[in-house]
Every structure is written in structure tokens, then in C-alpha cells.
Amino acid sequence: MIAYIDGKLTYKDPTYVIIEVGGIGYQIKISLNTYAGLAEGERCKLFTFLHIKEDAHTLYGFSELAEKNIFLHLISISGVGPNTGLMILSSLSVPEIQQAIVREDVRTIQRIKGIGAKTAQRLILELKDKLKKDVLIDQANVSAAPHNTNQNEALSALITLGFARTVAEKTLDAIIKREGSHLTVEEYIKLALKSS
């Protein structure tokens, strides 16, 4: 619902910040990694996730989109709520979380407060394949950033249009093999829509 908040950082604590936008102060829970990257009193932008429960509406903020994406993966697992997701992100960096899950490193994950053996194994079982793809995309982004940005934007657009993520990924992979990776976002989308 709220994709990001961009404003003046008026208060900073290791667990939350208050960002003022248009005279309104938004209290946003953050990880230690995000906390370390913020300077008080400066303008800042946090990518946000709004968690709604019967008794509370809580905003969670992330300095990088990659951190927000990992958070969303983590909380999709049964038994891992937003506070546990934030604890994981405060204990390990995004690359460390990806590597621990992809390499099936149960011990590293279990060292995080509140994560037991069963939850660590569930995280690995359910996220390993998803995060392998993310790691491959991140590695590919280093070598061909403009093209992969177009591919990622096309993927997001296709998902918004109602494609299942796996179907959209396979369709784009087939287009890239056939046409190459030099296409614009619009060209990727048009070709994907024609092939479905």
C-alpha cells in the first residue's frame, strides 16, 4: 500500500525512526543494517511494508529494495512474522542471509535470536530455490545492468498484469534466448503477452 516514504529524518533509534513528511511524523520499524546507513536530520527515503493486524498498523522500513524483498520472502514463511524477519535482517546482511539459505547453512540461521532448528530448516526448504534465482539475477545485474533492469521491470509489469511469477520468468527467459537481452521494457512485455 505504501511503497516508500521520503522525508526528513527527525528521530533515530536502533529499532525505529520517525520521518516527517508534510507535517506528519511516520514511525517506522527498521533493522540495524538500515539504522547504520541513516544520518539523523537528513532527508532520507525508506522502502516500506505496512503490516496490518486487528490491533495495530505497523510500518517497516528498509534503506534498500533488496532488504525489503528479502524481508517479504522471510515473512512469507509460516512461523516467521515481521518482528522475526526484522530480527533476521538485524543479525545478518542481505548477502549473508542469501548465502546461508542457498548453502543450507542451518547453524548460521539458528544463531539468530528466536530462530530454532525447525524454523531454520523451513526457511531453507521454502526459500532456497527463490533465493538462488535472486542471487543469479544479482550476479547478472553486475555484468549487464541496463538490460536486466529492463527484464526486471518487465517481470514486475507481467506479475501486475496477472501472470504467475514462475510463468512470467519462464516466458521472459524464452524471449531472451530467442531475441537476445537488448530489448526495451515495452518490447519484453509485448512479446510476453503475444506468447501467452
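**View 1. Strands β1 and β4 sit side by side in this predicted model.** Strand β1 (residues 4-12) and strand β4 (residues 43-53) run antiparallel and are joined by 5 bridges. Strands, like helices, are DSSP runs numbered from the N terminus, with at least two residues (E) for a strand and at least four (H or I) for a helix; two strands pair if DSSP finds at least two bridges between them. To find your bearings, look for I5, which stands opposite L46 in β4. This is a predicted model, so local features need pLDDT of at least 70 and side-chain atom pairs count only at pLDDT 80 or more, while totals for chains, interfaces and linings use all residues. Residues are numbered from 1 along each chain as its sequence is written, and side-chain values use heavy atoms, with hydrogens and water left out.

**View 2. A hairpin leads from β1 into β2.** Strand β2 (residues 16-21) runs antiparallel to β1, and 4 bridges join them. A handy landmark is Y11, which stands opposite I18 in β2.

View 3. A salt bridge is counted when a side-chain nitrogen of Lys or Arg lies within 4 Å of a carboxyl oxygen of Asp or Glu. D6 counts as partly exposed at 28% relative accessibility, whereas R43, at 64%, counts as exposed. For these labels, buried means under 20% relative accessible area, exposed means over 50%, and partly exposed lies in between (1.4 Å probe, protein chains only). By the salt-bridge rule, the count comes to 3.

**View 4. The largest nonpolar core has 23 residues.** A nonpolar core is a set of buried Ala, Val, Leu, Ile, Met, Phe, Trp, Tyr and Cys residues joined through side-chain atoms within 4.5 Å. L74, I88, L89, I109 and L123 have the most contacts inside this core. Two or more residues come from each of β5 (56-62), α2 (65-75), α3 (82-91), α4 (94-102) and α6 (117-143). The largest share, 5 residues, comes from α6. Zoom in on L123: leaving aside its neighbours within four places in sequence, L123 is in contact (heavy atoms within 4.5 Å) with L74, I77, V80, I88, I101, I109 and K128. Apart from this core lies another, of 12 residues, among them A154, L155, L172 and I189.

**View 5. E104 and K128 form a salt bridge.** Their closest N and O atoms are 2.2 Å apart. E104 lies in the loop between α4 and α5 (106-110) and K128 in helix α6, so the pair ties together parts that are 24 residues apart in sequence. E104 counts as partly exposed at 45% relative accessibility, while K128, at 18%, counts as buried.

**View 6. Two spans carry a UniProt annotation.** The unreviewed entry gives "domain: Helix-hairpin-helix DNA-binding motif class" for residues 72-91 and 107-126. Residues 72-91 are 70% helix and 0% strand, with end C-alpha atoms 16 Å apart. For residues 107-126, the chain is 70% helix and 0% strand, and the end C-alpha atoms are 17 Å apart.

Notes:
UniProt positions renumbered as here; feature names shortened; annotations may be inferred.
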